[in-house]
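This briefing reviews the fold, surface and selected residues of the protein shown below. Please read it alongside the sequence and the model.

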Amino acid sequence: MNPSDIIQKIRQARSVWVELGDGKKIQIIRPTQYQTFQKFFSQDSHGNSHFSVTFENTKDFIVSWDGFTEADLLGPEIGSSDPIAYQSDFFEEYLFDKTEWMPMIVQALVQEIGKANTKKAENIKK
């Protein structure tokens with residue numbers, strides 16, 4: 001297996017689909033441990049670390065979608081029912097009007113980070 005294939009398999013292992021309803025779903029990739037510390041941890045003036053996940057620091061981990069059409073993005077008067085390929089700019093523009101999805105996306109990412117941390121802790125105990 002070549003290095004690109006290995007990297008793709010590693011990324012696939014960190015990826016999950018999140019159902020948004022109405023036949024729409026997005027794929028997120030769990031951040032690496034380094035990315036988790038970089039994006040979601042901060043220190044206060046007392047040196048205490050805080051874990052905080054917001055939509056703003058989560059959107060970078062959305063990597064694909066399924067079930068979205070031109071009509072979803074442009075309205076049925078303008079857009080066709082043809083599927084539209086994922087592009088982060090499209091999704092961000094559209095998603096910022098779909099705030100009901102933001103908590104689902106943030107929660108899914110937090111769950112995936114938690115699962116990875118639990119698995120790592122269990123492996124350390126062995």
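Trp-17 belongs to strand β1 (residues 15–21); strands (E, at least two residues) and helices (H or I, at least four) are DSSP runs numbered from the N terminus. The model is a predicted one, in which local features need pLDDT of at least 70 and side-chain atom pairs count only at pLDDT 80 or more, while totals for chains, interfaces and linings use all residues. Residues are numbered from 1 along each chain as its sequence is written, and side-chain values use heavy atoms, with hydrogens and water left out.

- Trp-17 is partly exposed, because its relative accessibility is 38%; buried means under 20% relative accessible area, exposed over 50%, and partly exposed in between (1.4 Å probe, protein chains only).
- Not counting residues up to four places away in sequence, Trp-17 touches Lys-25, Ile-26, Gln-27, Ser-64, Trp-65 and Asp-66, where contact means heavy atoms within 4.5 Å.
- Ala-108 lies 91 residues from Trp-17 along the chain, and the two C-alpha atoms are separated by 9.0 Å.

**Overall architecture**

- The protein contains six helices and five strands, in the sequence order α-β-β-α-β-β-α-β-α-α-α.
- Along the principal axes, the C-alpha atoms fill a box of roughly 55 × 45 × 20 Å.
- Of the 126 residues, 31% are buried.
- Among contacts between residues at least 6 apart in sequence, 51% join residues at least 24 apart.

**Surface and charge**

- The accessible surface comes to about 8,500 Å², and carbon and sulfur atoms account for 51% of that area; the Shrake-Rupley method with a 1.4 Å probe was used, and for residues only the protein chains shown count as cover.
- Val-110 is located in helix α6 (residues 102–125) and is partly exposed, with a relative accessible area of 33%.
- The mean positions of the 14 positive and 18 negative charges are 14 Å apart. Lys and Arg count as positive and Asp and Glu as negative, without His and the chain ends; each charge is placed at NZ of Lys, CZ of Arg, CG of Asp or CD of Glu.

**Arg-30**

- Arg-30 sits in the loop between β2 (24–29) and α2 (33–40).
- Although buried, Arg-30 has no salt bridge, and the nearest side chain of opposite charge, Glu-112, is 5.7 Å away; a salt bridge is a side-chain nitrogen of Lys or Arg within 4 Å of a carboxyl oxygen of Asp or Glu.
- Leaving aside neighbours within four places in sequence, Arg-30 is in contact with Arg-14, Leu-109, Glu-112, Ile-113 and Ala-116.
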